[in-house]
Amino acid sequence: MMPGLHGGHAQTLKKMKASVTQVSSSLDPTRSFQGLILTLQNFWAEQGCVILQPYDMEVGAGTFHPATTLRSLGPRPWKAAYVQPSRRPKDGRYGENPNRLQHYYQFQVILKPSPPDLQDLYLRSLKAIGIDSGLHDIRFVEDDWESPTLGAWGLGWECWCDGMEVSQFTYFQQVAGFECSPVSGELTYGLERLAMYVQGVENVYDLNFNGREGADKVTYGDVFKQAEQEYSRHNFEHADTDILFKHFSDAEAECKALLAAGDRGDHHEMVLPAYDQCIKASHRFNLLDARGVISVTERQNYIFRVRELAKACGEAWLRTDAGRDKPNQNPTTKGA
Amino acid sequence: MPDLLLELFSEEIPARMQAQAADDLKKLVTDALVERGLLYEGAVSFVTPRRLALHIVGLPARQPDVREEKKGPRVGAPDAAIQGFLKSAGLASLDQAKIESDPKKGEFYVAIIEREGKDTAALLADLLPNIIRNFPWPKSMRWGAASVRSDALRWVRPLHSIVATFGPETEEPEVINFEVDGIVSGQTTRGHRFMAPAEFKVRRFDDYVSALEKAKVVLDPARRRDMIVHDARDLAFAQGLELVEDDALLAEVAGLVEWPVVLMGSFDQEFLDIPAEVIRATIRANQKCFVLRDSVSGKLSNKFILVSNIIASDNGVAIASGNQRVVRARLSDALYFWHTDQKPLPDYTDKGSLLDQRLAKLRALNIVFHEKLGSQGARVDRIIELAKYLAPMVGADASKAARAAELCKADLMTEVVGEFPEVQGLMGRRYAELQNEDADVAVALEDHYKPQGPSDRVPTNKVAIAVALADKLDTLVGFWSIDEKPTGSKDPYALRRAALGVIRLVLENELRLPLLAVVAATAKSNDIAADLLAFFHDRLKVYLRDKGARHDLIDAVLAAGSGDDLLMVVRRVEALASFLDSDDGKNLLAGYKRAANILRAEEKKDGAGAFNAAHDSARANAPEEQALAATLGAVESSVSVRVADEDFVGAMQVLAQLRAPVDAFFEHVTVNDSDPAIRINRLCLLNKLRSAMHGVADFGKVSG
């Protein structure tokens, strides 16, 4: 804090407090879902993170966002935070289960290299959203994270608050089959669970979304219940498996074709579009899995095929500007 | 004498790795000290979620000085030998060596090598970084900016600080100065993450432990376990309940807290409709909480025990209520699954009972069991056939065995098993009971997975035995047919456990199972039967050895027959063991060995099979030879009758009759007579003795 600002500080604080009270319910992390998101965004922005927006594709977890998968590869420092809508077709419950959703939000933080005080930063972020470590039992419980489809693994924990898993905390060791150098720290907050906790709500659909009361109140159910019902029907009953199988193969072929087309030897110039196809293949696989048409052994084979795509994308990423230390001195022709 | 205090402070160490890590730390440091001539009075290590600590008591401050004499070449030896000696002894010239003499060697050089002992602290500063760098964590990781270097320190989770002090009780100890990857050793640590996060200085073990205690850290995991179990029992007792003890869970929970605070939570009574095993599985696996039962009725209670890591400002009200919410959510899932499984399965409602519908789904989905062994459906069909075939051999009703086999994998399609795989089988039984299946069939659905390993319960219900054997034999025969056998430490399909399962089912139920024929019938070929039987024999040896049987006796028995009938193998081993414990047995064994040694030596000269002819009693001129021949004739037929009757104890008693004539024979008769015809005839007699005894067991494999 600059000394010159001290004089007016107390007064500024008072003004701020007053204004916070006025808008509090819509921004208060303990009273509105959006307030929780905004508080986390502000907190991590203060730590120097780039605040990104969700990736505009269907993914199973925030890790799939290229801002995590691809940016965790290569030597360049990187700090980012973003909300990622995540789709897990198998977890659909037709809107009837108070805890399970086939579409939910993750808040994702990626810090590369992992800072020495990452645990403390995480605990401070919990404090910011209203979780008092003097009242609640916060625990780091072993959880070795592995994503077979991304060819990625790391060591870390599930973070528990009073027995509830509220976050995943991972030190990435390998992504897309490549050693992370340096290692990134990844935090993934389960936003609905956290919100239910801090709002003291038993059913996800009862979450206050906008922090208003009475006629102005919008709940999570108002926003998403119908979607959960419709998508559950789709995921379990109506998703056309023949088309999904075809889409899977198409995405796989397209990914490979783009990787081949963008390959310029020591440089690669079309990784991101190729990686989109990898994401697509992965989600098609999840849908097929939810429809129960993939047997145990076939399952391994599909995972293997997605992993091969992810690895190829990772390998190509390391030959791009963002994937290496210094920009390539001799970029080749633009386009064909 | 001085003490060492070492603390390695890190982010949370996985509970399951803590105990081993504490043992490893102690062993690595003490071994390294002993190797350097530093003996100590005592060493003890401790572990919490965030720290590994080691206390070594009574270490000398210095390594002992070493004086060593090294003998060199004789005086006047060639220059090369002299130079080599000087170099190896570290001397500059011969002036530094002594000359000694002895009557044999004459005058020779001797170097006196004296090494001054180093300071223990300096040695520790040297060896501790290596131990830390090479610590045997089952899984370790890199972190932070340093992780770009290939030689970056690896630890189980990021390592933050190191305390290392050394000194006598009465003085201010010194810090053992070293650095590992930028972490400098010192004497500062921290307390409980939330209740006492400030740094503080420690000097030696005593003040370390009490300072930690004040900073809300119980260093000793055994004490944390005691605190948890006593508080849990007390809380339970006050409610008329008792703790369902669970040592593995207790150890895990003690590894998740530095300051255990035991609390009680509860869930709605309606959840008690869920089978108790499922409630326990979910509360234990997902929440790491203990379940309780009514101390009178023994029924599962709707209360549970949780262990938190802080003394909360509201005495744990928020923590207990938070845990209750999670347990409620988990049990809601379980209850939903339990109820869903009791409803008809959409698309399969016309396929019969609830379990038949699940079986139909299992078949329809064509779920692959193994890519070369076909679908689960095909596997079920094989198990049905095999269970029908085995039923009469184990005294089971064939139609019940077939029905149980048909349904044995149906519960894999239930929601509950999908969520909690550890209750497979058990759920099959529950659902079978709900749909009024025959009681034996229901039991078999649970028990056909058993026994899983050496201490699991062995089924006794005959229908269960038939299906359990069918399940395991199908797996073994299947993987043998595609040549996927266990190798070394790799046994991905748990075939060793399956074979042990068959062995325990057979032996503990005293079943007569002709394995070669059963395997051939299962495989519909004879190709693998012998090889698979050999695998059973390997596992049988391990099993019997664990039970204290002599390895050599098992080999001896297996060498004497096909070993196709495991129960008979074991009976024979038992009879042989008690025979060899007797005087007659010991002496006859000695006689056998003597005969076998002579035969081996003479067969080398005359060729194998040279003494296979019958013994010619007309040519037997020594009375002891005639006596032995006569006894042997009677014994041989009598032994084979008893072996055929499976009277192994009787067979051994008959063999015992041989002791006296064998002893007399060796005492008075020279086998290698100068007359070649007599010699050969006597060797034929010994050969007959050997083969008669081999009818019971290969005594050549018996040691001692």
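Domain bounds here come from an automatic or database domain assignment. With that in hand, welcome to this predicted model, in which chain A is divided into two parts, domain 1 (25-236) and domain 2 (240-317). Taken over C-alpha atoms, the centres of domain 1 of chain A and domain 2 of chain A are 25 Å apart. Chain A also makes a contact with chain B, to which chain A gives 33 residues and chain B gives 35 residues.

**Inside chain A**
- Where domain 1 of chain A meets domain 2 of chain A, the contact draws 23 residues from domain 1 and 19 residues from domain 2.
- On the domain 1 side of that contact, you will find 13 nonpolar residues, six polar ones and four charged ones.

**Domains of chain B**
- Chain B is assigned domain 1 (3-61 + 119-214), domain 2 (66-115), domain 3 (221-325), domain 4 (354-531) and domain 5 (582-701).
- Between the centres of domain 3 of chain B and domain 5 of chain B, again over C-alpha atoms, lie 70 Å.

**Where chain A touches chain B**
- To repeat the tally, 33 residues of chain A and 35 residues of chain B take part in this contact.
- On the chain A side, the elements giving two or more residues are strand 4 (138-142), strand 6 (152-161), strand 7 (164-175) and helix 9 (296-317) of chain A.
- Strand 4 of chain A supplies the largest share of that side, with four residues.
- By class, the side of chain A that touches chain B holds 14 nonpolar, twelve polar and seven charged residues.

Methods:
Residues numbered from 1 in each chain as written. Chains lettered and ligands numbered in written order. Predicted model: local features only at pLDDT ≥ 70, side-chain atom pairs only at ≥ 80, totals over all residues. Contact = placed C-beta atoms within 7 Å. Nonpolar A, V, L, I, M, F, W, Y, C, P; charged D, E, K, R; others polar.
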